[in-house]
Amino acid sequence: MMKSSCVCLLVLLCCSWPSSLAQTLVPPPNPASPRPLVRAVNLGGWLVTEGWILPSLFDGIPNKDLLDGTQLQFKSVTQNAYVAAENGGGGPLRANRTSASGWETFKLWRIDQNSFNLKVFNGQFVSAPGSNVAATAATPGQSERFQLVRNEADKNRMRIKAPNGSFLQANTDGSVTANFGESTTWGNDDPSVFAVTIVKGLQGEYQICNGYGKEKATQVMNDHWSTYIVEDDFAFMAANGLNAVRIPVGWWIANDPNPPAPFVGGSLQALDNAFTWAERHNIRVIVNLHAAPGAQNPNEHSGTRDGSQTWGDSNIAQTVQVIDFLATRYARRSSLLAVELMNEPLAPGVSLDSLKRYYQQGYDTVRKHTTTAYVIMSNRLAADSTELVNFASQFGRAVLDVHYYTLFDSKFDSFTVQQNIDYVNNNIANDLSAMTRRDGPLTFVGEWVAEWQVNGATQADYQRFANAQMAVYRRATFGWAYWTYKNVNNHWSMQWMINNGYISLQNA
């Protein structure tokens, strides 16, 4: 699920549908033939953690608001000024800023519940080998290990303990040094006290595993994987007209049961179970590489540690290895529908040329193991919605997968019920039509949700909105998938929407 843009594309490359779905899911050889009828749901928040889907997973983490990637701003209570990494990094810290922005924001790399590395705007780490404090280290070590000591009465008042045992202090000349050794009463006269603003946090797989630590994370995550999605859910999907699931996975699943730290083993068994349950209930499976090595976007669901996006040419070989692992393991499972090579790479950080090189290699890798499974390719977020049409067409029987939300953009904030519906019927319909070409690939709306920014909407309003979307998305010549199956936010949960009469697949 994307959270920073409202449209993204995925591309499915295929050979032929398995015979068990031949009557309803065979891609048409010509416009007169029956179209595919993929009616799927995403199993988001299961094998790739997204805290907003199930925030209670994080409740047992000490200092759970100080996880990897959390962005902090430190304001000296004596100088009434923010601490900054001058020029974004490369020099000493200064406490002389009246307002805070990028240079005044520090990202956490969590070592334990109290110890952290502090990463600055340009990517360096704050270092204090002695009393001098500067953002100059390319990689963190002992001199870059700091403790954040919180005031029990006010958790947002903190002191920063340096590796030398002294505390950082803001001096009257604006300098920041690690040479304050006194105790504190947390008053505004203490130069080692900082008022801290938590700007933003991440709650993904990296954060939950590193936050709990290996032993506890193994327990928490395996309990989650074995209880959040169970066979009864597949029975529910089948009984209510769904015929496929899109299952997000992270790159570390290829190293199960001993993935690289901080990730923990166990998700592979859950994925195996999903294939078995799918076969029992005539549900097809799309395995979706939601988190690629290096992180293909800065969102928590990409597996990023701190919001950095570094996937590129140097990550292609490892990413292909993950695809090879998945294709090898599941190619002969009758429920396998597709292998998705990547979810939502973000432009311009991921270049189109690099993406095409990877997609070609990933496609060839899947084809070593199966000629029937579809191969899914995602277009870049924040890029032209048709940029992969020609590329996909050359492979034959391709499917473009586009994600639509009337969210994540300020233009939707003031939309009324009717304006949202009109946007679906006009803007989204036109975009989908532009990608659906007679001689081009099939189209697939791989993520959508019946949620918006409208306050006070009635059940009937939501029904109209969901039905309007399904009416448009049935024009997608491949089908659609709702985001997501379960969610603490009711309208994001297809299970809740079906159980409470907000969505009926009879209207699909």
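Visitor: Two strands pair if DSSP finds at least two bridges between them. How many bridges join β2 to β21 here?

Guide: There are 4 bridges between β2 (residues 38-42) and β21, and the two strands run parallel. This is a predicted model, by the way.

Visitor: Which residue in β21 is the bridge partner of Val41?

Guide: Tyr482 is the partner of Val41.

Visitor: And how many bridges join β20 to β21?

Guide: β20 (residues 442-448) is joined to β21 by 3 bridges, and they run parallel. Within β21, Gly479 is the bridge partner of Phe444. Between β20 and β21, the chain passes through helix α10 (residues 459-473), making a right-handed β-α-β crossover.

Visitor: What about the faces of β21, covered or open?

Guide: Both faces are covered. Gly479 and Ala481 are buried on one side, and Trp480 and Tyr482 are buried on the other. In a regular strand, side chains alternate between the two faces of the sheet.

Visitor: Where else is a peptide bond cis?

Guide: From Ala261 to Pro262, with omega near 5°. Pro262 sits in the loop between β15 (244-250) and α5.

Visitor: Which residues of α3 are buried?

Guide: Ala217, Val220, Met221, His224 and Trp225. They cover an arc of only 130° around the axis, so they lie on the same side of α3.

Visitor: What covers them?

Guide: The cover includes α2 (205-212) and α5 (267-280).

Visitor: Last topic: backbone angles. What is the phi of Asn80?

Guide: Positive, about 50°, although Asn80 is not a glycine. Most residues other than glycine have a negative phi. Asn80 lies in the loop between β3 (71-76) and β4 (81-85).

Visitor: Is Asn80 buried or exposed?

Guide: Exposed, because its relative accessible area is 53%, and exposed means over 50%.

Visitor: What about the phi of Asn282?

Guide: Asn282 has a positive phi of about 60°, and it is not a glycine. Asn282 lies in the loop between α5 and β16 (284-291).

Conventions. Residues are numbered from 1 along each chain as its sequence is written. This is a predicted model: local features need pLDDT of at least 70, side-chain atom pairs count only at pLDDT 80 or more; totals for chains, interfaces and linings use all residues. Side-chain values use heavy atoms; hydrogens and water are left out. Buried means under 20% relative accessible area, exposed over 50%, partly exposed in between (1.4 Å probe, protein chains only). The arc is that of the directions from the helix axis to the C-beta atoms. Contact means heavy atoms within 4.5 Å. A crossover is right-handed if, with the strands pointing away from the viewer, the path from the first strand over the helix to the second runs clockwise.
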